[in-house]
Amino acid sequence: MNDDDTLRANSHARHVLVLPDRDAAEEVVEALTERFGVAEEPQLVRDALAGEDDAEDAQWLVVVEDPGAAHDPALLDELAAEYEGWREAE
């Protein structure tokens with residue numbers, strides 16, 4: 001095991017993908033499983049915009065736990081962009 005392997009084994013990342021609606025978020029969860037082989041199902045979280053009560057004004061977050069920091073952030077950025085979303089840096 002070299003230094004890069006040791007660093008990766010001891011690191012943990014969390015990726016938060018911000019999507020415009022629930023349908024997009026659910027499609028991203030499926031894509032994460034199919035394309036990235038995400039073992040632990042990502043968490044879906046409704047994120048209401050400040051001061052808004054209407055569900056139409058909510059964004060949806062897909063939280064991906066990434067033990068070992070194995071997922072390429074650039075590829076996750078591309079996936080989120082396909083669904084008019086983005087990845088927040090944690």
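**Entry 1: strand pairing.** I looked up strand β1 and found that β1 and strand β4 (residues 86-88) pair in the antiparallel sense over 3 bridges; two strands pair if DSSP finds at least two bridges between them. Val16 stands opposite Glu88 in β4. I then noted 8 antiparallel bridges between β1 and strand β3 (residues 58-67), where His12 faces Pro67.

**Entry 2: basis of the model.** I recorded that this is a predicted model, in which local features need pLDDT of at least 70 and side-chain atom pairs count only at pLDDT 80 or more, while totals for chains, interfaces and linings use all residues. Residues are numbered from 1 along each chain as its sequence is written, and side-chain values use heavy atoms, with hydrogens and water left out.

**Entry 3: burial.** I checked strand β1 (residues 12-19) and found 6 of its 8 residues buried, so the strand is largely enclosed by the rest of the structure. Buried means under 20% relative accessible area, with a 1.4 Å probe and protein chains only. In the protein chain, 31% of the 90 residues are buried.

**Entry 4: elements.** I listed 3 helices and 4 strands in the protein chain; helices (H or I, at least four residues) and strands (E, at least two) are DSSP runs, numbered from the N terminus. Their order from the N terminus is α-β-α-β-β-α-β.

**Entry 5: helix contact.** I examined helix α2 (residues 22-36) and helix α3 (residues 73-82), whose axes come within 11 Å and cross at roughly 140°. Axes are lines fitted to C-alpha atoms, for helices over the stretch in contact, and angles run from 0 to 180 degrees between N-to-C directions. The residues in contact (heavy atoms within 4.5 Å) include Val28 and Phe36 of α2 and Leu75 and Glu82 of α3.

Methods. Buried < 20%, exposed > 50% of the residue type's maximum accessible area, 1.4 Å probe, protein only.
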